[in-house]
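Trainee: Could you walk me through reading a structure like this one? I would like the general idea each time, then the case at hand.

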Amino acid sequence: MAEWNAYYKNEDDEEDEEEGEKSGGDYKTTGRDSLVFLVDASKEMFIKGEDGEPSNFDMTMQVVRSVYTSKIINSHRDLVALVFYGTEQSKNPRNSFKHVYVYHDLDEPGAKRVQDVDALRGGKGAQLAAKTMGSGETSLGDALWCCANLYSDIKLRLSQKRLMIFTCRDEPHGGDSVKDRQARTKASDLKETGVTIDLMHLMKPGGFNVASFFRDIVSPPEDESELGLQLEPCVKLEDLQKRVRAKEQRKRAMARLNLCLGEGINVAVGIYATAVTARKQAPVRLYRETNEPVRSKTRTFHTQTGSLLLPSEIKKAQVYSKKQIVMEKDEVDAIKKFDDPGMFLIGFKPMEKLKRHHHIRPAVFLYPEEDEVKGSACLFSALLTKCSERNVFALCRCIARRNYPPRFVALVPQKEEVDEGKVQITPPGFNVIYLPFADDIRTLDPPQCPVASQIQVDKMKEIVSKLRFKYRSDAFENPVIQQHYRNLEALALDMMAPEDMEDLIMPKVDQIDGRLGPLVEEFKDLVYPFNYNPDSKPAAKRKTAGTGGGAEKKPKVEMPEEELRAHMQNGTLGKLTVAVLKEACKQFGVRTTGTKKQELIDALTERLGS
């Protein structure tokens, strides 16, 4: 018999659950994601850029490799494929299409595929591609047809079908209207079967004209948050990687709920995690002989008879007042359930009421789900606009999932932001801030420390202003996790040693010293005593005299009044020792009851200042 509260799930475990899990209802999409890279293999793709920059083909292969490795780490069950078109050689199922080379069919990524893509990178990779595939005529319609056959041969359920075209030619058929019409027709057929076609166009001399041909090929954005067709081509590798990552990573809702604004007024919303903590994946236990994953099975036996217990025979109990109260599973479920999952609007509060210390856990993002309830986007937009205009936040009661305790949340409005190219940077919606309960806030007793003088504070302000920089979380990678995956990559790809990694969180000492200059030494002179070295060992205790057994007497140290006043004006009284300060107090007739340095400094400052 087990404690019933051991089965009660902690709400903080919500972040650890797999994305896409919802609190109730049917799943919107189930299955695996699939991605096909359709790469142009024409001669124009192999032309190197200016100043030794990589060719468009080499940039594409680097992006394909990064997606392969990220899929292996994050979602190894997804399917990926690599297809070249415009080749001289042909390799595809049943060799039905000319000038189409299927380098990788739709399957799970692995170390062998990463090695195959590595072989196509750089100058040697271009030579291998020319020798293996070559460059020939182009028929994008046949290439799209071949990709459609790759999808039709898969018997698994696919939740997402995405096709990315990499090319630097805006007129792949050279103005051939028949081939253009065939490509548009086959692209339309693919879209009807649920395949999303994206264009990753690259730089070419004279610019890339999207409107001439590819505007009819690519798929329109699924919703307002989807990144639409970009007019400007990718010039650098970082731009191409960023654009592919924005398309390849699918937005999955942590939960889909109803936001109740009043009696009978419900808005369907989805909860999204804007940032998730990166963690190492849990180790997988493998069977030693077959190297297959081990599946664990748990069975419960009676402690006295040893008989196997069925789930219906297992009870839960709670000790209360030295008595064991036995409860059925249905009773425990009823105790844990407060209400159905959802959000209930309580009221509105000014933004000034929301304090910084109210943020006790990572916030999530709220966005309307038009497919669930028609009109949700319109009503959600109206609520967002009014909250932004009046500078208020919505106070709600939130139950994210079944059997979760209720929480009070603040819906903080967030307006849409776009860049110069009209690309969305910040989506419109509400940031969900989880508010603390009364027992979440504690009163702390800060330790009593010496108070810095105004001169010391001003000097530290100069140091802080010199070291200030604009922090971006995406500019720093976790060195432990990065090194972990580099070691795994080296083992999987039979590399002699893992790739070198730069620890971005280590301080740049030379750059810091160059910015500060003499400010550090000036601050040390103001704060620490003369010749103070924080790295040195503390001085040994004075030994007793050999004759009388008593300690040696220290000579009296007297200091002129002018020198003391100079120390006081410069704020360097703290550099004097306690013995000197005591003698100065006796010299000027200052009565002190304490023996701490700061008390002596305050007494002398008051005496000399008067």
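Trainee: Among contacts in the protein between residues at least 6 apart in sequence, what percentage join residues at least 24 apart?

Mentor: A contact means heavy atoms within 4.5 Å. Here 69% of those contacts join residues at least 24 apart. This is a predicted model, where local features need pLDDT of at least 70 and side-chain atom pairs count only at pLDDT 80 or more, while totals for chains, interfaces and linings use all residues. Residues are numbered from 1 along each chain as its sequence is written, and side-chain values use heavy atoms, leaving out hydrogens and water.

Trainee: How many helices and strands does the protein have?

Mentor: Helices (H or I, at least four residues) and strands (E, at least two) are DSSP runs, numbered from the N terminus. The protein has 15 helices and 19 strands.

Trainee: At what angle do α1 and α2 pack?

Mentor: Axes are lines fitted to C-alpha atoms, for helices over the stretch in contact, and angles run from 0 to 180 degrees between N-to-C directions. Helix α1 (residues 56–74) and helix α2 (residues 111–118) pack at about 170 degrees, with axes 9 Å apart. Angles over 145 degrees count as roughly antiparallel, so α1 and α2 are roughly antiparallel to each other. Among the residues that meet there are M61 and Y68 in α1 and V114 and V117 in α2.

Trainee: Is M506 buried or exposed?

Mentor: Buried means under 20% relative accessible area, exposed over 50%, and partly exposed in between (1.4 Å probe, protein chains only). M506 counts as exposed because its relative accessibility is 51%. M506 lies in the loop between α10 (479–492) and α11 (509–516). Across the protein, buried residues make up 35% of the 610 residues.

Technical notes
Angles under 35 degrees count as roughly parallel, over 145 as roughly antiparallel, 65 to 115 as roughly perpendicular and the rest as oblique.
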